[in-house]
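Here is a short note for a colleague who is new to this entry. Please have the sequence and the 3D view open while reading.

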Amino acid sequence: MSNAKKFVVSHAPFWHNGDSITARSYHTMIAAIPALLFGISTYGVPAARVIALSIACAMLWELGMNYINRQEPTIANASSAVIGLLFGMLLPATAPWWIVVIGTFLAIIVGREIFGGMGGNPFNPVLTAIAIVMLSWPDMLDYYGALVNYNPGFSMIYPLEAVKFQGVEAVSGISIVNLLIGKQAGGIGTPCGIALFIGGAYLIYNGVIRWEISISFIVGLLITAHLFNAADPAKYACPGFHLLTGYTLIGAFFLATEDATSPVNFIPMLIYGAGAGFLTVLIRNIGAYVDGVVFAVLLMNLANPLIDRLRPKPLGKVLENA
Amino acid sequence: MKRSFFGSATPAFKYAVSPHKIEDIPMPEQAMLFVDQPKNRDRKYVIKIGDTVKTGQKLNVFDGVEATTISTVTGTVTDIQTYRSDYGQTYAALTIKTVNDDMDEAIVALTQAPALNTLSPYSSNLPGAPNLSVFEQYASAIHTVVINGLDDDLLVSVNQWAAQYLTSNIKAGVGFFKDIPGVKRVILTAPERMLSVVNSSGAEISVIEEIYPKVLPAFIMRDLLGTVLPAGDTTEKHGVTFIKAEAVAAIGQIVSTKTLPISKVLTVVKRDGSCQNVRVRMGTPLKSVFDALNITTQTGDRIILGGPMRGTAIYSENIPVLATTDGVTIQNASDIPRVSTDPCTNCGECIRVCPADMPVNVLVRYLENGLYQEAKDLCDLLSCVECGLCSYVCPSKMPIFQYIKLGKYELSQIETAEEQDE
């Protein structure tokens, strides 16, 4: 049965819907553009510098790891570029170059590659890196100190820090609308609520992230913040304030939804999101840290494998001891 | 059927409507017949090159193995080869130079008075390969026969065609099944648009949604019969057997016209995705089918027996049309989606698409590492209905379906080995 023609053989199915990791990465990057544009327009070239360096470093770290592991380069799928982009967006515009280099090393190598690369990381790489930076160099993420030389035309205070140490009185001058359009201090890509909402909606529409996680995160955060606010309005800020400050929105749409570290079943997604929202407010209001998103999401990442065991009964499964 | 970069619409898997037009493929000069090869090594051929076979004749190929395959052509054996198929299946492939049909007497006698016990040893040779032996194997425990009016893969429309245009044969076939002792219900599943045609078949009609994979047996069991099939069980164990409409028509042909069906309908899916139904003598090499339809193949193409979701890619176009072959799909080199070595990113697309609610994301991790027993115990490997949708949606382009099939195969091998040890 010799045949000169060589046909391609492979296993069924012979169609694919065309979705790819690369496409998902690019969707995420497109979704980040509005928030990014706002950050660059506010902070100018230094912000663009941080973002560009962060993306480039993240990709180089992955390339280096590919080289060490003797793998085919995998940077073309842009997943490390997304990590670099998101890490850059969390930093203040004045972040020095070495913090970006170290941070992306922590994100790509420590946060992801040592666990076996993409899909194998137990914690969100971006948050792993930012948490280590936060603990090691607390001054780097102190937006008061970092942004002291900026005067973009609105009061440059970091609302979460103000409210934590001085009470609600200190931020009474900031309206919700101002927070929504980004008139607050913060990371390069985090202050502008409206831009992040647009990005999140884009990602949900394209099926890159799951609405269950984002919505339950926001709802969990709002309910918890409301309870605190109702208990002591002078000490705890209102739910809307918590929603629009700090890393809340970038967390809800870009960080908590990271594929490898979030659940895939419906009810677990709701528990995961709501849990992260709940913990965020808890840490902000009664914890030691100014912003709780980083540790809240990391803690829920830790719980993810356990939560995700709540899954529907497969077809034809016979329960023996039911 | 591809997802666009922008837009959230997911393609719906509706079946193609079977065209009425059918083209007859002429009798080939050379036919090929496949005979199951026994697994033991000391097999001895009793057939040799130069032997003549008659249409309908039992093919005694191996010493000491009772023949169940019958020839669908008359002619002289010119070559005997071994063909290896998927999952360790091997066949003896007999090449036969064909002459005009000469019917074997034994088979003529059989078709004159068809009965369950005489037909059942040969049933796998009939178009659609009905398995009639289950009625004997399970004594009279089979109470329901489900005739599938839709095919088990997209684009293929052989059963649709048979249900719509072979109505008198279907009717005779339904009568045959109704007379089998123990059978209480004969159900024909058909989409709504076929109702007016199939109403006269004499079978109980069940309307089913024309959406893949709702037509696979496990879902028909659940949706129409209200029985959830326990994972890993055959439908026969629960008194239900599934038979293709084409097979029912073939049995109907024997009953009503006393002739042996030796041709079958085949859906040819061309490069541009258009489908054509042809009637072809079983045993015709695919090459002859392509030649008759002016299809040329070249290196780098992919030829698939069956449809795009569940078919089998083959490496030679000399493979014949078998009783089980419902479709043949040709793909251009440029249309072939590649699989990749990317790992699972846990995005959950497979979880949402899986019609059997399986934990595919965890399952695939076990399967990748060869932990088949754990995959079965912890991740319900046997619940899989083999629709292929998980691989279809996977952004990492993992061959999930292949892992699953391999896992099931390896488990069955382990079980067989254990049984032999006992």
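1. A salt bridge here is a side-chain nitrogen of Lys or Arg within 4 Å of a carboxyl oxygen of Asp or Glu. B:E349 forms one with A:R24. Their closest N and O atoms are 3.4 Å apart. Across the interface of chain A and chain B, the rule finds 3 salt bridges.

2. This is a predicted model: local features need pLDDT of at least 70, side-chain atom pairs count only at pLDDT 80 or more, and totals for chains, interfaces and linings use all residues. Residues are numbered from 1 along each chain as its sequence is written, chains are lettered from A in the order written, and side-chain values use heavy atoms, without hydrogens or water.

3. How many residues of each chain meet? In contact (heavy atoms within 4.5 Å) are 46 residues of chain A and 76 residues of chain B.

4. On the side of chain A that touches chain B, α1 (21–43) and α9 (193–205) each supply at least two residues. α1(A) gives the most, with 6 residues.

5. The largest nonpolar core has 91 residues. Such a core is a set of buried Ala, Val, Leu, Ile, Met, Phe, Trp, Tyr and Cys residues joined through side-chain atoms within 4.5 Å; buried means under 20% relative accessible area (1.4 Å probe, protein chains only). A:F254 is among those with the most contacts inside this core. Leaving out residues up to four places away in sequence, A:F254 touches A:T28, A:A31, A:A32, A:L86, A:L196, A:L203 and A:L249.

6. A second, separate core has 39 residues. A:L315, B:M358, B:L389 and B:I400 are among them.

Key
Buried means under 20% relative accessible area, exposed over 50%, partly exposed in between (1.4 Å probe, protein chains only). Helices (H or I, at least four residues) and strands (E, at least two) are DSSP runs, numbered from the N terminus.
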